[in-house]
Amino acid sequence: MPVGAVWGTLHGFSSGIPGLSFPSFRLIVREGAKIQLDHTVPADSLASALAPLPEAVRSLAEAQLERYAAPRPPMALPGRDAPLGFSRPLVMGVLNVTPDSFSDGGKFLDTDAAIRRARQMRAEGADIIDIGGESTRPGATPVWEGEEAERIVPVIEALAADGIPLSVDTRHSTVMTKAVDAGAHIINDVSALTYDGDSMSAAVATDAPIILMHSQGTPKTMQDAPDYDNVVLDVYDYLEDRIEACTAAGIDRSRLIVDPGIGFGKRVVQDNLALMNGLAFFHSLGCPVLLGASRKRFIGAITGVEEAAERMPGSLAAVLKGVEQGVQIVRVHDVVETVQAVRLSQAMHDAAMMGAGG
């Protein structure tokens, strides 16, 4: 399938927000695994660069440009009056109600402890709380969905009464349904609605936004031998296919968020760094982009920090790289530190846009 890609050096915070611009674009055309064209052109020369391309490829690139430039409107959340807006980067706090998650497994398995942690993250500035009852770390063993629901539903019910925007991190259709019925507002599926054969219909039956994440294989096997022709283009194609599957099933594109899946079925350093450097590319899918790099193994591999909980500085560097490339949501464990870093980065950006000098 030919791919026309537009990406480059980013100025601004997120696609569709005034102030975001690319001084240059990288135009990539490939058919199958073969790159036919890879050329960087100034933004003001893009039209002339597209003109000689075959009509089908040119139309595809123009459609991607249109999606890139379109505003990301606020997303309605079921059961909540206030929509989810994207006028600034949003911070999603991770709440693992599990015994075995890679960074904080067992800390919040108790319902009361989980509720306290969620309220603490909200007080620290989290915009969304992402609640999961099954670890999807590399090598994790699947959890029976009944047990998964028992872990998270009481937490969701308690937090829904607080008015906190909630996301449920699950691959199971029955858990999606129970979580939304309990008050969750967003479905976050690491398998992009492919793991459970009933997930698509469960998602269609709700009004909840859906986070489609790329992963290669299952958590049990995904790090055995990840393989790509070109990781950025392959992940892009996968997410585009999943968007098309969702829209064909009746889920409007305006309900979809995409996540390239840092650390999920990726070679630890080269694939994850390629995706980090190519995050801006995913804006041309026309959906908000979520980055989940917090405490991931690639940070430890590069820095030599073995303990996941000690990777906060590297996690902040990854967040700021994502914000620099316009991601709309960052999913993190270290909320208070991330909120401070993102707010400062945004303030500097806003000051530059207003022409504030020294």
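This is a predicted model: local features need pLDDT of at least 70, side-chain atom pairs count only at pLDDT 80 or more; totals for chains, interfaces and linings use all residues.
**Notebook: strand E10 and a few other spots**

Started with strand E10: Leu 256 and Val 258 point one way, Ile 257 and Asp 259 point the other way, and all are buried.

Next I asked which strand pairs with E10. I found strand E9, residues 210–213, running in the parallel sense with E10 over four bridges. Ile 211 has Ile 257 as its bridge partner in E10.

Then I stayed with Ile 257, which belongs to strand E10, residues 256–259. How buried is Ile 257? Its relative accessible area comes out at 0%, under the 20% cut-off, so I wrote it down as buried.

What does Ile 257 touch, leaving aside neighbours within four places in sequence? I listed contacts with Met 75, Ile 210, Ile 211, Leu 212, Cys 287, Pro 288, Leu 290 and Ile 329. I also checked the spacing to Met 213: 44 residues apart in sequence, but 8.5 Å apart in space, C-alpha to C-alpha.

Moved on to Asn 272, in helix H8, residues 270–277. Is Asn 272 buried or exposed? Its relative accessible area is 2%, so Asn 272 counts as buried. I looked at where its side chain goes, and it reaches the backbone oxygen of Arg 267 at 3.5 Å. Not counting residues up to four places away in sequence, Asn 272 touches Ile 262, Gly 263, Lys 266, Arg 267 and Phe 298.

Helix H5, residues 173–182, came next. Which of its residues are buried? My list reads Ser 173, Val 175, Met 176, Ala 179, Val 180 and Ala 182. I remembered that an α-helix has 3.6 residues a turn, so residues three or four places apart point the same way. I then looked up what the buried residues of H5 pack against: helix H4 (145–160), strand E7 (166–169), strand E8 (186–189) and helix H6 (199–204). Just after H5, I noted that Gly 183 takes a positive phi of about 130°.

Last, I went looking for rings. How many aromatic pairs does the structure hold? I got four. Tyr 236, Phe 281 and Phe 282 are linked into a cluster by ring pairs. I also checked Tyr 195 and found the charged end of Arg 171 sitting over its ring, 3.8 Å from the centre.

Note on methods: Residues are numbered from 1 along each chain as its sequence is written. Side-chain values use heavy atoms; hydrogens and water are left out. Helices (H or I, at least four residues) and strands (E, at least two) are DSSP runs, numbered from the N terminus. Buried means under 20% relative accessible area, exposed over 50%, partly exposed in between (1.4 Å probe, protein chains only). Contact means heavy atoms within 4.5 Å. Rings of Phe, Tyr and Trp (its six-membered ring) pair if their centres lie within 6.5 Å; planes under 30 degrees apart count as stacked, over 60 as edge-to-face and the rest as tilted. A charge sits over a ring if NZ of Lys or CZ of Arg is within 6 Å of the ring centre and within 35 degrees of the ring normal. A polar contact is a pair of N or O atoms within 3.5 Å; within protein, one must be able to donate a hydrogen and the other to accept it, and residues adjacent in sequence count only if both atoms are side-chain atoms. Two strands pair if DSSP finds at least two bridges between them.
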